[in-house]
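Visitor: Please show me the structure, and then let us discuss it step by step.

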Amino acid sequence: MAVRQRAVSALPTLLRTLRKEPLKPRNHAHVNALPSLRRAFSLYDQINLIDQVPEDQLRFQGYNDTGFTVNGVEYEGSLLCVGNLLMSWKPKKFSEITADSLSIFQIVRPIPEILIIGCGKNIQHVDPELRRFIRSTGIKLEAVDSRNAASTYNILNEEGRIVAAALLPHGVSS
């Protein structure tokens with residue numbers, strides 16, 4: 001437990017360090033920026049009420065067919081995000097998402113209020129057994145394409161809600 005606490009406490013410093021290092025451009029993959037979905041609440045649409053987002057908060061900034069850009073760092077493959085923790089995730093296609101691949105939600109605390117599954121390029125139907133498993137943990141489930149899943153994660157995370165995301169790369173079609 002002490003090792004985990006040290007790792008979690010070192011995360012903000014690691015993220016600040018990674019942000020300061022310039023990214024090396026990658027020629028083989030085009031990165032698509034996620035649209036800003038922050039809401040403006042003024043008559044002139046010039047005031048952003050979600051301007052003071054903490055530096056150690058995860059934010060998806062882009063995606064391509066093989067991965068995602070999170071806080072300026074490019075990640076290849078599937079990702080699992082719980083709160084502000086980011087992990088590589090084993091499933092490579094939607095059919096590999098099982099209760100076993102999401103078993104971390106049986107032990108993670110605090111319990112996220114929602115799990116957003118990014119299905120890849122298209123929305124997929126979630127198996128009723130998997131849906132029952134997620135409900136049994138006390139978490140709501142939403143399955144959308146990976147682009148919208150990343151954007152929704154950003155919004156809910158910026159609002160301070162406890163949210164989780166399980167994302168397949170956008171290039172996955174089934």
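**Confidence and fold**

Guide: This is a predicted model; the mean pLDDT of the protein chain is 81, and 72% of its residues reach 70 or more. Over residues 38-51, however, the pLDDT is below 50. That stretch has 14 contacts in the model beyond near neighbours in sequence. Where pLDDT is low, the predicted coordinates should not be read in detail.

Visitor: What percentage of the residues in the protein chain is buried?

Guide: A residue counts as buried under 20% relative accessible area. The protein chain has 174 residues. Of these, the buried share is 40%.

Visitor: What percentage of the contacts with a separation of 6 or more joins residues 24 or more positions apart?

Guide: A contact requires heavy atoms within 4.5 Å. Among the contacts in the protein chain with a separation of 6 or more, the share from residues 24 or more positions apart is 69%.

Visitor: Which residue in E3 is the bridge partner of Gly 62?

Guide: Strand E2 covers residues 60-63, and strand E3 covers residues 67-70. The two strands pair in the antiparallel sense over three bridges, and they form a hairpin with three residues between them. In E3, the bridge partner of Gly 62 is Thr 69.

Definitions and conventions. Residues numbered from 1 in each chain as written. Predicted model: local features only at pLDDT ≥ 70, side-chain atom pairs only at ≥ 80, totals over all residues. Heavy atoms only, no water. pLDDT = per-residue confidence, 0-100. Buried < 20%, exposed > 50% of the residue type's maximum accessible area, 1.4 Å probe, protein only. Pairing = 2+ DSSP bridges. Helix = DSSP H or I, 4+ residues; strand = E, 2+ residues; numbered from the N terminus.
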